Amino acid sequence: MGHGSSGLRRIVREVAKFGAVGGAGLLVNLVVFNLVRHVTELPVVRASVVATVVAIVFNYIGFRYFTYRDRDKSGRTKELTLFLLFSVVGLVIENGILYAATYTFGWDSPLQSNIFKFVGIGIATLFRFWSYRSWVFKTLPAREAVASAESFLEEAEQAVVRKRSRPRQRVL
């Protein structure tokens, strides 16, 4: 296989992991949205914002410790700040669509609200995927990755040499 196919495999794996966390986050978002609408008197868009915030927290944990766990962890404060900034933009996109459907077109039945919430989440997800991978969870700088791979190989080689140099025990 050529060099390009490993890059393609890596992006497919990343998209799959992003999708797994995002799918679970979508479920969290929709369940919380419908629960808040059912048990409170909050207006539809406010209920949606509450659900989006819960999903943002869920997604950060999933992305940091599952999807992008191998990425640079040195600037956690900057990472979290950027994540929250792009998440808020996603929240505005997602809930702006729901707001327009509800208050501009009067589409506010539970089914219509869920459809437009889902559409908003979809559009916001495209933005989030691009922004998280481009700005938030950056890959380790190439030099750092090469150095850590070299030190791993050196340690492995030394372990093999140590194992070979030990005298063998005789079994009677």
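**A pocket and some salt bridges**

Student: How much space lies in the second largest pocket?
Tutor: This is a predicted model: local features need pLDDT of at least 70, side-chain atom pairs count only at pLDDT 80 or more, and totals for chains, interfaces and linings use all residues. Residues are numbered from 1 along each chain as its sequence is written, and side-chain values use heavy atoms, without hydrogens and water. A pocket is an open set of 1 Å grid points where a 1.4 Å probe fits, with protein on both sides within 12 Å along at least five of seven lines. Filling it with probe spheres set on the points gives about 320 Å³.

Student: Which residues lie nearest the centre of that pocket?
Tutor: Its lining (residues with an atom within 4 Å of a point) has 23 residues. Nearest the centre are Phe18, Gly22, Gly23, Ile121 and Thr125.

Student: Which residue meets Glu14 in a salt bridge?
Tutor: A salt bridge puts a side-chain nitrogen of Lys or Arg within 4 Å of a carboxyl oxygen of Asp or Glu. Here the N to O distance is 2.8 Å. Glu14 lies in helix H1 (helices are DSSP H or I runs of at least four residues) and its partner in helix H4, so parts 119 residues apart are tied together. The partner is Arg133.

Student: Is Glu14 buried or exposed?
Tutor: Buried means under 20% relative accessible area, exposed over 50%, and partly exposed in between (1.4 Å probe, protein chains only). Arg133, at 30%, is partly exposed. Glu14 has 7%, so Glu14 is buried.

Student: Which residue forms a salt bridge with Arg128?
Tutor: The closest N and O atoms are 3.5 Å apart. Arg128 sits in helix H4 and its partner in helix H3, 34 residues apart. That partner also meets Lys117 at 2.5 Å: Glu94.

Methods. Helix = DSSP H or I, 4+ residues; strand = E, 2+ residues; numbered from the N terminus.
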